[in-house]
Amino acid sequence: MNPQSFGSERNDALVIHQLVKQFGAFKAVNNISISVPSGSFLVLVGPSGCGKSTLLRMLAGLESPTEGEIVFDGKVVSSGTDGTLRDSASRNAGLVFQSYALWPHMTVAANVEWPLKVAKWSKAERAARVDEVLGLLNISELRDRYPAEISGGQQQRVAIARTIGPRPSILLLDEPLSNLDAKLRVEMRSELMRIHRATGATSVYVTHDQVEAMTMASHVAVLNKGRVEQFGPPVELLQNPQTTFVATFLGTPAANLIPATQQSGAFVYEGQPIARIPVNFSEKSVKLLYRAQDIGVGAIEGRPQIFGKFAEAAPIAGQSMVTAIVGDMRVTGMTDGYFTAVPGSDITMSLLREPDGIFNEAGQRIVL
Ligand SMILES: Nc1ncnc2c1ncn2[C@@H]1O[C@H](COP(=O)(O)OP(=O)(O)OP(=O)(O)O)[C@@H](O)[C@H]1O
């Protein structure tokens, strides 16, 4: 398929088409295709080394693809086929890094003005735009300070102001909050969402923090070893993970997966029947998905039980999230109030409902 027509047919602002980035024989990005409409907030999430930054650097034009294409607003900006590599200005993309890299010898206002000068905006337009973006980021009063005279969180705001100044249609953010403390991170998350809406740009945001991904995204791509494990709206990924990797990577706490085998008409774990077998189901060995809220703490009459050793409990909104070590698994359930026990002591967990998904041994969801 021609990616250019693919992009314009779909009318999507960002189309990534069969993208590959190879370092020697190693494929850091291995055949990724994703497409999102204008104004989307696409989050790339995944464990360390899965290829998030490499993909973002290709979107920014800092790396060229080995194969495949990137299409912004219907225009091919990078192509592994014909070697197209537009620079970041002509691809109308703005990049915010983890490290803010402000120019230390320039004031806040001058830092924000600089890219507008480079883009040859007139003096009056520059002055108006600097006022506007400093206002948008709530840092107007810092305009005459130097980077060394403001806090880390304020520097981050300046870096964002500088990036959105030239009105990029695509905003690329590489773990921009990772240098901030926990409280500031949460505040800046909402701020970034507000700025995203105010600019109308299509944003691509890289993080390894799945909570950040789930709160901010309109679309999430979960990456694993250079490939997309699953792509979709955050709720869809949470409710309907297609692989055990996604099920255990997303969600707080992550879902539990209990191995089971078919024996005399039931799924059995450690000799105990724990779940019904769906009709016409042939797979012998499976992994059953249970949400933490579907696992109770203690023996509950009439429900299948599993036995382990107490590991830890964390209070969450009036409930306790209780984790047991069961064989070589961690199993997390919920109970009302504040739970405590001696680490290593025996604990019984009850499965309150039938599993919320069945996966084969290769980790793929079995569609019933
Ligand atoms: N210039 C390079 N040369 C060789 N290998 C590279 C290069 N850049 C990245 N890699 C490798 O490609 C893989 C993906 O790296 P990348 O930085 O994209 O991962 P990431 O998902 O962003 O990780 P993190 O969350 O730790 O930042 C890693 O195994 C990395 O070592």
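These notebook entries record what I looked up in a predicted model, from its ligand shell to its sheets and helix contacts.

**Conventions.** I number residues from 1 along each chain as its sequence is written. Because the model is predicted, local features need pLDDT of at least 70 and side-chain atom pairs count only at pLDDT 80 or more, while totals for chains, interfaces and linings use all residues. Helices (H or I, at least four residues) and strands (E, at least two) are DSSP runs, numbered from the N terminus.

**Entry 1: the ligand.** I began with the residues that surround the ligand: F23, A28, G46, S48, G49, C50, G51, K52, S53, T54 and H208. Helix 2 (residues 52-60) gives the largest share of the shell, three residues. By class I noted three nonpolar, seven polar and one charged. In this scheme Ala, Val, Leu, Ile, Met, Phe, Trp, Tyr, Cys and Pro count as nonpolar, Asp, Glu, Lys and Arg as charged, and the others, Gly among them, as polar.

Entry 2: I then followed strand 1 (residues 14-23) into strand 2 (residues 26-36); the two pair in the antiparallel sense over eight bridges. Two strands pair if DSSP finds at least two bridges between them. K21 has V29 in strand 2 as its bridge partner. Two residues lie between the strands of this hairpin, and G24 in the turn has a positive phi of about 60 degrees. I also marked N31, which is not a glycine but has a positive phi of about 65 degrees; N31 is found in strand 2. Most residues other than glycine have a negative phi, and most peptide bonds are trans.

Entry 3: A second look-up gave an open sheet of five strands in the order 13-12-11-14-20, with antiparallel pairing. Strand 13 (272-276) and strand 20 (357-359) each have a single partner strand, so one side of each is left without a neighbour in the sheet. Six bridges join strand 11 (residues 256-263) to strand 14 (residues 285-290), which run antiparallel; L257 stands opposite L289 in strand 14. I also located a cis peptide bond between T252 and P253, with omega about -10 degrees. P253 is found in the loop between helix 9 (244-249) and strand 11.

**Entry 4: helix 5 with helix 6.** I found that helix 5 (residues 152-164) and helix 6 (residues 182-199) pack at an angle of about 15 degrees, with their axes 12 Å apart. The two helices are therefore roughly parallel to each other; angles under 35 degrees count as roughly parallel, over 145 as roughly antiparallel, 65 to 115 as roughly perpendicular and the rest as oblique. G153, Q156, I160 and I164 of helix 5 make the contact with L184, M188, I195 and T199 of helix 6. Two residues are in contact if their C-beta atoms, placed from the backbone, lie within 7 Å. This contact has five nonpolar, three polar and no charged residues.

**Entry 5: helix 3 with helix 4.** I recorded that the axes of helix 3 (residues 108-118) and helix 4 (residues 123-136) come within 10 Å and cross at roughly 130 degrees. That makes helix 3 oblique to helix 4. In helix 3, A109, V112, E113, L116 and K117 meet R126, R129, V130, V133 and L134 in helix 4. These residues divide into six nonpolar, no polar and four charged.

Conventions
Near = placed C-beta within 6 Å. Axes fitted to C-alpha atoms, helices over the stretch in contact; angles between N-to-C directions.
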